[in-house]
Amino acid sequence: NADTAAREVEAALAESPEPLVIDLSRLEFIDSSGIALIVSVLGREQDVGRIGFVPATAPAVNRVLDLTGISERLPLA
């Protein structure tokens, strides 16, 4: 769920200066909590250029990402 993912992202960013890749390829569903998490990650100015995403493959997820405009902002890994 989004709370667990948020904790994991925060821990990964805090523990290592290495780039972080967030893999959305196996995601089958996304709701407002997931969107909020992605927006939060994208808004981390201190981590710009450090975070990349593997694109989602599920049509339903891509539709939500497209409708919200997030797909255009995702830096691909």
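**Exercise 1. Determine which residues of helix α2 are buried and how they are arranged about its axis.**

Solution. Step 1: Helix α2 spans residues 32–42, and its buried residues are G34, I35, L37, I38, V41 and L42. Here buried means under 20% relative accessible area, exposed means over 50%, and partly exposed lies in between (1.4 Å probe, protein chains only). Helices (H or I, at least four residues) and strands (E, at least two) are DSSP runs numbered from the N terminus.

Step 1: Viewed down the axis of α2, the buried residues fall within an arc of 160°, and therefore they line one face of the helix. The arc is taken from the directions that run from the helix axis to the C-beta atoms.

Step 2: The cover over these buried residues includes α1 (2–15), β1 (20–23), β2 (51–54) and α3 (59–68).

Step 3: At the N-terminal end, α2 is capped by D31, with a side-chain oxygen 3.0 Å from the backbone nitrogen of S33. A polar contact is a pair of N or O atoms within 3.5 Å; within protein, one must be able to donate a hydrogen and the other to accept it, and residues adjacent in sequence count only if both atoms are side-chain atoms.

The model is predicted: local features need pLDDT of at least 70, side-chain atom pairs count only at pLDDT 80 or more, and totals for chains, interfaces and linings use all residues. Residues are numbered from 1 along each chain as its sequence is written, and side-chain values use heavy atoms, with hydrogens and water left out.

**Exercise 2. State how confident the prediction is.**

Solution. Step 1: The protein chain averages a pLDDT of 94, and 100% of the residues score at least 70. pLDDT is the predictor's confidence in each residue, from 0 to 100.

Step 1: Confidence is lowest in α1, at a mean of 93, and highest in α3, at 97.

**Exercise 3. Describe the largest nonpolar core and the contacts of I38.**

Solution. Step 1: The largest nonpolar core has 19 residues, of which I22, L24, I38, F53, L65 and L74 touch the most other members. Such a core is a set of buried Ala, Val, Leu, Ile, Met, Phe, Trp, Tyr and Cys residues joined through side-chain atoms within 4.5 Å.

Step 1: At least two residues of this core come from each of α1, β1, α2, β2 and α3. The largest share, five residues, is supplied by α2.

Step 2: Leaving aside residues up to four places away in sequence, I38 touches L24, I30, F53, L65, I70 and L74. Contact means heavy atoms within 4.5 Å.

**Exercise 4. Trace the network of salt bridges that includes R44.**

Solution. Step 1: A search of the whole structure finds three salt bridges. A salt bridge is a side-chain nitrogen of Lys or Arg within 4 Å of a carboxyl oxygen of Asp or Glu.

Step 1: R44 pairs with E10, their closest N and O atoms being 2.7 Å apart. This pair links distant parts of the chain, since R44 lies in the loop between α2 and β2 and E10 in helix α1, 34 residues apart. R44 is buried at 17% relative accessible area, whereas E10 is partly exposed at 40%.

Step 2: R44 also forms a salt bridge with D47 (2.6 Å, N to O). D47 is buried, with a relative accessible area of 5%.

Step 3: D47 meets R50 in a salt bridge as well (3.0 Å, N to O), and R50 is buried at 16% relative accessibility.
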